[in-house]
Amino acid sequence: MRRILVTSALPYANGSIHLGHLVEYIQTDIWVRFQKLQENQVYYVCADDTHGTPIMLKADDEGITPEDLIARMEVEHKEDFDNFLIEFDFYGSTNNLATREIANDIYGKLKNDAKLISQTPVEQFFDPKKRLFLPDRYVKGTCPKCKSDDQYGDSCEICGNTHVPTDLVNPYSVISGETPIRKTSNHYFFNLSDDRCTNFLKEWVSKPDRLQPEARNKVAEWFKDGFSDWDISRDAPYFGFEIPDAPGKYFYVWLDAPIGYFGTFKTLCDQRGIDFKSFVDAAKSKSSQTELIHFIGKDILYFHALFFPALLQFSGYRTPTQIFAHGFLTVNGKKMSKSRGTFITARNYLESDLNPEWLRYYYFSKLNSSMQDIDLNLDDFLSKVNGDLVGKFINIASRCAKFINKEFSNSIGPTKDHGILKEILNNKGAIAASYETREYSKAIRIIMSLADHVNQYIDKKKPWKLIKEDKDSLLVVCSTALESFRILSLYLKPVLPQTCQEIEKFLKIKPQLWKDVDCFFTSNHQISPYQHLMHRMTKKNMQKLTNQHANEKGTSPKSHGGESPADSNKINVMTEKFITIDEFTKIKLKVARIVKAEHVEGADKLIKLQLDVGQNKLKQVFAGIKSAYSTDELEGKFTIVVANLKPRKMRFGLSEGMVLAASNEKGDIFLISPEKGAKEGMEVK
Ligand SMILES: [Zn+2]
C-alpha cells in the first residue's frame, strides 16, 4: 500500500472558480479516486490562498475585514468543488495557525541554521495617498512602446510589450489615481543563487520521474540562465503573516501560500490522528516511504520545481516526490486573454443545467501527462457526451436491463459468452497504467472501444429477436452485457463517481474497488428495475451556457505572479450582445449637481466639472461637452454620473467618473438630466 499526500494548487481567494481551474482539480481528483480504488492510503488536501494586497484592497473596497472576505470566498469555493465532485480529504485556508507556525519554522531554520536569508533594499512604486507599496498590476500608465493609455505595470495588452512599472509614461496608482512615488525599503530574500541550492537542485531534478520530460527541459533552460534570489517579504500594510523578527515585514506569497499545503494537511492530521511528521519531516518521510505529489499548472513550474524544493531541503522538510504539471484551457480554440478576458465560472456552468460529470468526462477524454493546453470545443463536448458517454456506455444498460427486469424477474443468469468479458478484463492493466501515468485520453480510448465491442455484441445477438425465439440465449446475452457494463462502470468510477454509485445501486452490488473487477455476478443475482441513468446534453444547454455572458472582467489584479491558476487559465467565450441584469447593476448611476464648471487650459473639448454626488461628496469629472455648453449654463444643473467608474488620470488631472450625454452623428451633445425634484446622491436604477 502506498501512502501519498496529494495537493492541487491553491486558488486565490479573490475570485470565483472557473472552468480553467477545474482542469486541475478534476485531473487531480480522478487520479486520487483511482488511487483510493486501488486501496492506497491517499490524502488529497487543498486550501484557499488568502493573503496578499489584492485581498486586503478588495475587503477594503467592500468595507469588510479581510477575514470576512476570505471566509465568504471559502464557502463559495467549497460549494463549487462539491458540485463538481472534487473530493478533498480536507479543504482549508492558508490563514491558519498551522501554516503560520510552519512558515515561521522554515524561515527560522533557513535564516539561523542554513544562513540562506539575506536583506536587500528594493525600490518600488509607492502610493502616497493610500500609503502602500504598489504591486505591478496596481500601477497603470501609458505604454512606453506603443503609447496606449491605461496599460499595466508589467505588460501592455495592446502591443504585448513587457516592462517594469517604472517604465510607464505618466504612471498612476490604480487604487487612488495618484502619481506613485519611488520608495526604497529593505526586503528579505531566499538565496536560491547560493551554490548549495544549485548543487542540490541539479541532483534533485535529475531523479527519473521527478518531472515530466518537457518540464525537465524547461528546468534545464533555467539552470543555464542561473538562479536569482527570491524576494520573500512585503511591507505593511499587508494581509498575511508578519515575519517573526522583522516588525512591519510580512511573508510574501512564496513563503506563505505553498506552506499552506502542509498547514492544511496538519489540520487534517490533527483531526484524524495521522502521523504528520511521517509525511513532511525529511528523515521520517524517508523511513516511512510516504510520497508527496503536487498537481500544478505549468505557469508555476519554476516555483514548484526549483524554489520550493530548495526551501524545504534546507529547512529539514521533505521535498516533493513528483510534480505533475498540466497545460491551460482554451474554449473553442480561443487563447486565454489576460485581465480583459472572459471566462465561464463553475456557477455559469451549473446554471446552464449542465451535468458536472459531463465536464469531468470531457476533460478526462482530453487530458494526458503532457503540459499541452487542452481545448474545450463546445460542439465536440456535446458530441462526446451524447455519442460516447450516453450513446455507447449508458446505452448498454438501457438496451439490456429491461429484458432482465421483465422477462426474468430481475434475475441475472449465466454469462457464458466469455469472449467479450475476457477482452474487457484483459484491458484492466492497460487502463490502470493509463490512470497511474495520467494518460487519461488513452484510458478513454480503450474503455470506449470496449463499449463499442459490447454494443456490437448486442447488435449481433439481437435480443429483440431472441425474446421471441430463444429465451435461454436472451438471458445469456443480456447477463453478459450487464456484466460487461458493471466492469466498464468500475473502469470509469474515478471519472463518474455519482453515476457509478447509481449503477451500483441499480446492479445491487456493494461499492466496487479495483480488485472487484472479476467478481462476477453470482447466479440468480437480483438487480433493480432499470431507471434512466443519464440524460443527453441538448443544444439548449449549450445555448444557455454561451448566453450566460460569462464575460465578467477578470477578477482584480493579482500580485501573486501566477501563484493562482486564475492568472493563467482565463478563457474566452463568445461575447454576446446582451448583458445580464447583474452586469447592469454593477454600474452605479447617481444624480449629481454641477457645483462648478471650468474651462481646461489646453483642452479643446473638455470642461472640468465639480459634481456634488450627495453626502457632501465632490467628484471631479472631465467631460467632452465644451462644444455644446458654456460653463455658466452648466453650474447648478442636475445630471447623471457613473459613480463607480475607476478614477482615471488624465493629462489635466484626475477624472473620477463620467457624466451621461446623448449625441448625434453631427456631434451635437445633449446632457442627460433627471426630472425636476431629483436630488444629488439619488441612485438611478
Ligand atoms: Zn504597448
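Reply: Two strands count as paired here if DSSP finds at least two bridges between them. The strands themselves are DSSP runs of E with at least two residues, while helices are runs of H or I with at least four, and both are numbered from the N terminus. Keep in mind that this is a predicted model, where local features need pLDDT of at least 70, side-chain atom pairs count only at pLDDT 80 or more, and totals for chains, interfaces and linings use all residues. Residue numbers start from 1 along each chain as its sequence is written.

Let's start with strand 6, residues 139–142, which has two partners to look at. With strand 7 (residues 151–152) it pairs antiparallel over two bridges, and Lys140 finds its bridge partner there in Tyr152. Strand 6 also pairs with strand 8 (residues 169–173), again antiparallel, this time over three bridges. As background, strands of a sheet pair through backbone hydrogen bonds, either parallel or antiparallel.

Next comes an open sheet of four strands, in the order 5-4-9-10 with antiparallel pairing. Strand 5 (132–133) and strand 10 (230–231) are its edges, since each pairs on one side only. Strand 9, residues 181–190, runs antiparallel to strand 10 and is joined to it by two bridges. There, Phe189 has Asp231 of strand 10 as its bridge partner.

Now zoom out. The whole protein comes to 22 helices and 26 strands. The domain assignment (its bounds come from an automatic or database assignment) gives domain 1 as 3–116 + 191–346, domain 2 as 117–188, domain 3 as 364–518 and domain 4 as 587–684. Taken over C-alpha atoms, the centres of domain 2 and domain 3 are 57 Å apart.

A nonpolar core is a set of buried Ala, Val, Leu, Ile, Met, Phe, Trp, Tyr and Cys residues joined through C-beta atoms within 7 Å. The largest one here has 162 residues, and Cys400 and Leu488 have the most contacts inside it. Another core lies apart from that one, with 19 residues including Leu611 and Val659.

Key
A residue is buried if 20 or more other C-beta atoms lie within 10 Å of its own, exposed if 12 or fewer, and partly exposed in between; C-beta atoms are placed from the backbone.
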